[in-house]
Amino acid sequence: MSDEKIPTEKPQSEEKPTGHEVTLLLMSRRGFLRAAGFAVAATGLGVVTGCDTPPAEESTGALPTETVPVRAQYPEVPYAPIVPPPADVLVFFSPHEAQTVEALTARILPGTPDDPGAREAGIANYIDKLMGFNEGFAEPTYRQAPYAQTYEGDTPPDQASPSNQYQTVWVSKDEIDRYGFQSLLTPREIYRAGLKSVDSFANQTAGSNFVDLSEDQQDQILEAMSKGEASGFDNPSAKDFFARLRDDTINGMFADPAYGGNRDMVGWKLIGYPGAQRAYTPHDIHTEGPVRPPQSLAMMHQFHPGQLANSHVAVPVSGTEEQRPEH
Amino acid sequence: MAIQKKVDVVTVGAGWTAAIFAQILTEGGYNVLSIEQGPMRWANPDFKHNHDPLRYHIRHAMMVNLGRETWSWRPNPKAPTLPMRQYGSFNPGQGVGGAAIHWSGMNWRFLESDFNYRTHYIERYGENKLPAGNRIQDWPVTYKELEPYYDRFEYDIGVSGQTGNLNGVILEGGNPFEAPRSRPYPLPPLEVTIPSVIYADACRELGYHPFPQPAGILSQAYQDRWGNVRSGCLYCGFCTRYGCEVDAKSMPVNTHIPPALRTGRYEIRAHSKVIRVNLGPGGRATGVTYIDEQGQEQEQPADVVLLSGFTFTNVRMLLLSRSDDHPNGIGNDQGLVGKNYTYQHWHGVSTGLFEGRRFNLYMGNTSTQNVIFDFQADVFDHSDLDFVGGGMLFSTLGERDPLASVGSLPVTDEGGKNWGQGWKDYLRQNWDSVATIVFQGESLPYEDQFLDLDPVYKAADGQPLLRLTFDWHQNDYNMYRFIAQRADEIMKQMGPTRQKTTKELDPYNIHKYQSTHPTGGAIMGTDPGNSVTNKYGQVWDTPNVFVTGAALYPQNPGVNPTGTLAPLAYMAAEAIRDRFFRNPDRILV
C-alpha cells in the first residue's frame, strides 16, 4: 500500500487566491522573513534561522536512510485543503466500502434532504480523504514497538507461552483503556478489517450486506456493535470500531467543510455554531441566540490589520498604535 | 560534527523562560542563543488563518510531534509501561514561544502558604495531617521575595484581572484570598460567559466569593515597556491550542522576544533539537550537542547552559547528559532528579443542562469566566477533613467548539443513547445549553511517583523516552469527593433542567486531557540533600547549568503554573546577569 499524496496540496490554478491560500503563500520560505511582522522586519538585527516550510512540501514518504532523524520522516498535521476534495473520487475505500461507511454513519446521524445528516454532509468523503494521508494518521502518532497484548485474570501468560518469544507488553484487559490508543493497526487497517466484520455480522444475522438492510436492521447492528455484543469482530473489536465510526462522524460533520464533510456547513447549521469567525463583542457574548450566519475558513475575511472584520468589528492593528472602536 | 561559535548562554528551546532570560541577559550585554526543535512563528502570518479546530484542537497541530518523541507511563512501579502513542493527558508545544503560544492565558500567583507548604500544615494541624509517603517540602523562596517579580511580569505582559488584595486591603469583586499585591492588575478583567454570570450569582447566594479569572490576555489595547503595542481580545473563540492572530494573548513572540532580538545579541536556531548537555573537566558543562534541520549533529559551546524546555525535556536532558563526574546525569549525584513529579487535577465535575437557553459558549476563551477560591489550598479549615489541600472551581469556559463537545452529550446519568435520530435532535436543541463547573486542584509528591528514563522505548534521536510513574493517591480521592459535593451544590443553585455530577475520582489515565501542568522532577531547595537546584535553578553539582520552569516546583499548587515560573525566571536571570559571571563556579546565594 503506497502512501497517498496529502489532500492539502495547493492546486495549480490561476484563480484569485482565497484568504486561506494567501496565508499559505506567505508562509513559503522566501516570503517568510518579508512577512514575518514587525519584530524582525523593524530591527534587522536579530537572527532567525531555520524558518518553517509548509508541510505540503515536506512529506516525502521516503524511508529513513540515516540514523539521525530528519523532519520529513515525521509528517506534521496537514493543513485544511483549500477546496474540499471531490466526493466522487475515492482515494482509499472501494466503492462498496464507501457505501457501507455512508450507510453506517447515516444511522449515527440520520438525515433527509430537508434535514441533512451524515450522508448529506459527505462524511464518507471526509473519512476516505482522511485515510489518504499517512496511513490515516492525521495526528502524529508514536509507532515504536513493542505493542501491548491484553490478558484476562490476575496474571499475564507465563514465560513458556509461545507468544512470549516476541517482545510484548502484557497489560490486564481491565487496565488497558487507561493507556489510550495502543493499536498495532493503522486507521486504514482498522477500517478495512472493521468493515469486513460489519458485513459478515450483517450476513450472519440478517442475511445480506449492511448496505442492503432496512434502516431498522441497520440500527440493530449498530446497537449490537455499540454494546460490544456483535460477534465476529476481532481487531478492531465491535465496540472500538463503533467508537471510531462515531468519532469520525462527529469530526466530519462539525469540522470545516474544506475537509470534505460538513457540506454547505449543514453540521454547524444543525447545532447553531457560526464556524470560523474573527471576532465577537461583549454585547454578542451576552445576546442569546445566533448572532452571525455560519462562515467557513474559505469565507473568512482576509486578514489585513485595521480593516473591518465584518459589519460590526474592526480588526485592530497589531504592532501599531491604531485601534478602531467596536460598533 | 561541526563546532559552532561559542556563546555566553545557550538555551534548550525558545519558550517563555528562555525568552525572559534572553531579554534580561542581552540587555546586560551577553550573547544568548536558543536552540528550538520546532518552527519560527509570529502572529502574522503564522496565526492569521488558524480557526480550524480539527487541525489545532483535535489533531494537536502545535504540539510536540509524537511520531518523534513521546513519554511513557505506568501507574506504579509494579505496573507495565506503555508509551503515550497519541495525545491525551497533557499538550507540550513545539516551536518558538513553546507552550506559551498555545496556552490558555490563565495567569495566577501562588498563595503564601503554597511556598511554605510543609511548615504551614504542620504548624496548623500537626505532622500527622500530611499523607503517608509524601515528599512535600517548603520552597526555598517566599512569596514576599517573589512579589516584585510577579508584579513586573504582570505589567510586562499586560495581565487582565480584578484586584482582590492591594497591599493587604481587601477589595470588592476581586479574589479576597489572594496574596497581597503591590499594584493592581494593569488591565481590567475580560468579559465572562452567560453561565459564568449565573454561576457567580449562585456562589454569592451560597456565601462564596466569585471573581473573574485573571488572564494573560489583554482586555484592551496595551503598550508594554519595550514598545510592543497589542490589540485587546476579540473573543474569537480560538485561543487555547491556537496562536493569537491579533497578539491579544500574551506570548513570548509579542513580549520578550522582540526586545531581545533588537539588541542584536539574541539568536534563535529553529528546527534544531538539543540531544545532550556536554560535560568537560571538573564536571562543568561546556555546551550542548544538537541535531540541526538537515539531521546533522552540531556542537554548540557556551559558558552557561540553560535547560529551559518543558518540565519533561529538562528532566530528560539532565538524565541523558553523563560523564565520569556525573555517571547518573547532571544534578543527579544524590539521585534526586525525577523525584517530586507532580501534576494537577482538572476535571469537569458537574454539568447542567439549561433547556431553552443559548449560552454562546463558542465565543470567548478559557479565561472568560468566574472562579471561586473558597476551597483552594488551606483557605478553608481542614481540621475535620480527611485530606489536605484543595483547588478552585471554575464556571463555564468559553471557546467551546463542537468537535470537542458534541461527543460528550447528552447530559444524563443513565448514559442515554449517543447516536441516532434522538441524539441528533438533542444536539440541535441543547448543544449550546450546557454549563459545566470545572475543578482544578493541587497535586502532592509521593515516593512512588517520579520520572526516569524508559528502559525500552526510544525517541527518534535514538535516546530513551522519559517515563512517568504516576497515579492519584488517597488524599486525591478524598479531596475530589469533598470538592465534587460543593460543585454539585453550586450547580443545583444555578437551577439547571437536568444535572450530572461525577462524584468520585477515577484512577489517573493518560488518554483524557487534564492540563499541561506536569511539574517537579528537578526541584529547587535549600541544599543539595533535598533538591537538584538552588532557588535560582542553578544545579548544585554543575553550577553553570540552570533549570527553569515548573520542573523546579517541589509540589504543585491548585492553579496554573505559568504565572509563577515566569517571575522565578526573572529572579534567576538577574542573578546570572549581575553576579554569576564574576565567579562562574560559585553557587549563587
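# Exercises on a predicted two-chain model

In helix α10 of chain B, the buried residues are Thr311(B), Phe312(B), Asn314(B), Val315(B), Arg316(B), Met317(B), Leu318(B), Leu319(B) and Leu320(B). Keep in mind as you work that this model is predicted.

## Exercise 1: a covered helix

Task: Find how much of helix α10(B) is covered, and what it packs against.

Solution. 
- Step 1. Helix α10 runs over residues 311-320 of chain B, and 9 of its 10 residues are buried. That makes the helix mostly covered.
- Step 2. Now look at the neighbours.

## Exercise 2: a helix touched by both chains

Task: Describe the length of helix α8(B), list its buried residues and say what covers them.

Solution. 
- Step 1. Helix α8 of chain B spans residues 194-205, which is 12 residues. From first C-alpha to last, the helix reaches 17 Å, close to the 16 Å expected at 1.5 Å a residue.
- Step 2. Buried in α8(B) are Ile194(B), Pro195(B), Ser196(B), Ile198(B), Tyr199(B), Ala200(B), Ala202(B) and Cys203(B).
- Step 3. The cover over these residues includes β16 (370-372), β17 (391-394), β18 (434-441) and α13 (474-494) of chain B, together with α11 (282-285) of chain A.

## Exercise 3: one arginine

Task: Is Arg204(B) buried, partly exposed or exposed, and why?

Solution. 
- Step 1. Locate the residue: Arg204(B) sits in helix α8 of chain B.
- Step 2. The relative accessible area of Arg204(B) is 49%.
- Step 3. Buried needs a value under 20% and exposed a value over 50%. Arg204(B) is therefore partly exposed, because its 49% lies in between.
- Step 4. For a sense of the fold, compare Arg204(B) with Ile490(B): 286 residues separate them in sequence, yet their C-alpha atoms are 9.8 Å apart in space.

## Exercise 4: where the chains meet

Task: How many residues of chain A and chain B are in contact, and how much area do the two chains bury?

Solution. 
- Step 1. On the chain A side 111 residues are in contact with 103 residues of chain B.
- Step 2. Between them the chains bury about 9500 Å², with 58% of it on carbon and sulfur atoms.
- Step 3. Tyr142(A), Arg178(A) and Tyr179(A) supply 10% of the area that chain A buries against chain B, more than any other three residues.
- Step 4. Count the charged links: there are 7 salt bridges between chain A and chain B. One of them joins Arg278(A) to Glu245(B), with the closest N and O atoms 2.6 Å apart.

Conventions
Residues numbered from 1 in each chain as written. Chains lettered and ligands numbered in written order. Predicted model: local features only at pLDDT ≥ 70, side-chain atom pairs only at ≥ 80, totals over all residues. Heavy atoms only, no water. Helix = DSSP H or I, 4+ residues; strand = E, 2+ residues; numbered from the N terminus. Expected span 1.5 Å × (residues − 1). Buried < 20%, exposed > 50% of the residue type's maximum accessible area, 1.4 Å probe, protein only. Contact = heavy atoms within 4.5 Å. Buried area = accessible area lost by both parts, 1.4 Å probe. Salt bridge = Lys/Arg side-chain N within 4 Å of Asp/Glu carboxyl O.
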